[in-house]
Amino acid sequence: MLKLYNTLTRKLEPFTPLKDKRVALYPCGPTVYNFAHIGNLRTYIFEDILRRVLQYRGYKVAHAMNITDVGHLTSDADVGEDKMELGAAREGKHPLEIAKQYEQAFFGDLESLNILLPKKVLRATDSIKAQIEIIKLLTDKGFTYRDEAAIYFDTSKLSDYGKLAGQKLSEKKTGAREEVIVDQKKRNPADFVLWFFLSGRYKNHILHWPSPWGEGFPGWHIECSAISRKLLGQPFDIHCGGVDHIGTHHTNEIAQSEAAFGMPLANLWMHGEFLQVRSGKMAKSAGTFITLKDVMDKGYSPLAYRYLTLTAHYRNKLNFSWESLEGAQNALDELYERISEMEGAPSVAMCEDYARAFEREISNDLDMPRAISLTWRLLKKPNPDKLKLSTLAKFDEVLGLDLLKGAADRKKIPQEVKELAKRREKFRAKKDFKKADELRAQIEAAGYTVRDTGTGPVARKK
Ligand SMILES: [Zn+2]
């Protein structure tokens, strides 16, 4: 039985899809105004594991996602600048150029991390009509009010507003960050914007569309209500995101969708915890904004980062440090090494006891730390290699660590590259970094990268 933790009920629940063996899955997509940081990417790895576990258990997964390319302000509480317009100003480009650029970078990151791509993706700017339809419905039903700046959702009209976060309206001052923002125009502090007009600080907002109420642009939350409904229907099975979505973004998605259509938005809500750096949230302002490119520039493989995230349960915070990434890289390299020493081809049969144990661990709210330790225990088992290889291949359908491919690539590193790495190490030891760098360039030109570990240099295919 597959058990998953539901944020809405605060319980571990047996999972049953709404429609036989089909699961509709919706994670919130990125706001494409900058590179994703590895904390954002931890959430997408958790969601990938969720999808892979569902598929492993025989479900067909309809995986759809939005791309936020308008309306997400620098504060979740409807104040500040539109992140897209900030990105555009920073780089002297049009917001949609910025969106295209970082959307591509985002999908590139997902592919490097072996994250299975959503089957359907819709941008906020390509779904304005569907968003306006919902705002119209909410207005007809009396859930909105307006002034010269915006159309707002009136949260006092819903008796169960805030149920996802377990917050009562009277306790709710504003978004998840507990910053108290006094907005005189709002009737209740938790009310949020559905549609901004081109007025005040948004007078010159570059992206805007006509609406029955006047020219403007949508607030952030409405796109997910519109896009998930359009791509997956309502209600759908699983809505997921990061824990930072609970208090405001997901709470407001629920409010809008339930008020407009009189039915739940999703059956199950799942949230991944933060990646922390020096015990704080990853943030540009604190100088702790690390991208996947930074990871690769330091010679680590994206899959080492994936491995690192699997060593913590998705509902626990994970502290990131370069040392812990080093440890993950060494562990992954050792896994590849040990598998590369195995002989023969994978058989059809598997180590059944291990396969059963693996399914048990992943079905217990995606317990990947235990699934990883089981993988290590399997390596030590005295079973025939071909049985172990087929079992590892099966595990990798969920782990996504390229276990067999990584092992095969290790066997293929040419002698010449290994020699270059050794020579480079000698120059490094003599502190002749110029020569060492020249040799690194030669290794890279041959399609390999070299990383210095405590036990010597390790070459790996790029
Ligand atoms: Zn969303």
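The model is predicted, so local features need pLDDT of at least 70 and side-chain atom pairs count only at pLDDT 80 or more, while totals for chains, interfaces and linings use all residues. Residues are numbered from 1 along each chain as its sequence is written, and side-chain values use heavy atoms, with hydrogens and water left out.

## Overall build

The protein has 15 helices and 16 strands. Both are DSSP runs numbered from the N terminus: helices are H or I with at least four residues, strands are E with at least two. Along the principal axes, the C-alpha atoms fill a box of roughly 70 × 55 × 35 Å.

Of the 462 residues, 56% are buried; buried means under 20% relative accessible area, exposed over 50%, and partly exposed in between (1.4 Å probe, protein chains only). The protein exposes about 20,300 Å², and carbon and sulfur atoms supply 52% of that area. Accessible areas come from the Shrake-Rupley method with a 1.4 Å probe; for residues, only the protein chains shown count as cover. Among contacts (heavy atoms within 4.5 Å) with a separation of 6 or more, 75% join residues 24 or more positions apart.

## Cavities and pockets

Rolling a probe the size of a water molecule over the atoms shows where empty space is left. On a 1 Å grid over the protein atoms alone, a cavity is a set of points where a 1.4 Å probe fits but cannot get out; a pocket is an open set with protein on both sides within 12 Å along at least five of seven lines, and lining residues have an atom within 4 Å of a point. Grid points are joined across faces, edges and corners, and a volume is the space filled by probe spheres set on the points.

There are 5 cavities of 30 Å³ or more. The lining of the largest cavity includes Arg42, Phe46, His313 and Met368. Two elements, α1 (38–56) and α8 (302–310), each give two or more residues to this lining, and α1 gives the most, with 4 residues.

The centre of the largest pocket has Tyr33, His37, Asn40, Lys83 and Asp244 as the closest of its 39 lining residues. Here too α1 supplies the largest share, 5 residues. For the second largest pocket, Ser301, Pro302, Arg460, Lys461 and Lys462 lie nearest the centre, out of 26 lining residues.

The table gives volumes and lining classes; Ala, Val, Leu, Ile, Met, Phe, Trp, Tyr, Cys and Pro count as nonpolar, Asp, Glu, Lys and Arg as charged, and the others, Gly among them, as polar.

| Space | Volume | Lining residues by class |
|---|---|---|
| Largest cavity | about 110 Å³ | 8 nonpolar, 2 polar, 1 charged |
| Largest pocket | about 910 Å³ | 18 nonpolar, 12 polar, 9 charged |
| Second largest pocket | about 580 Å³ | 7 nonpolar, 7 polar, 12 charged |

## A buried histidine

His250 lies in helix α6 (residues 246–261). Leaving out residues up to four places away in sequence, His250 touches Cys28, Leu164, His239, Cys240, Gly241, His245, Trp269 and His271.
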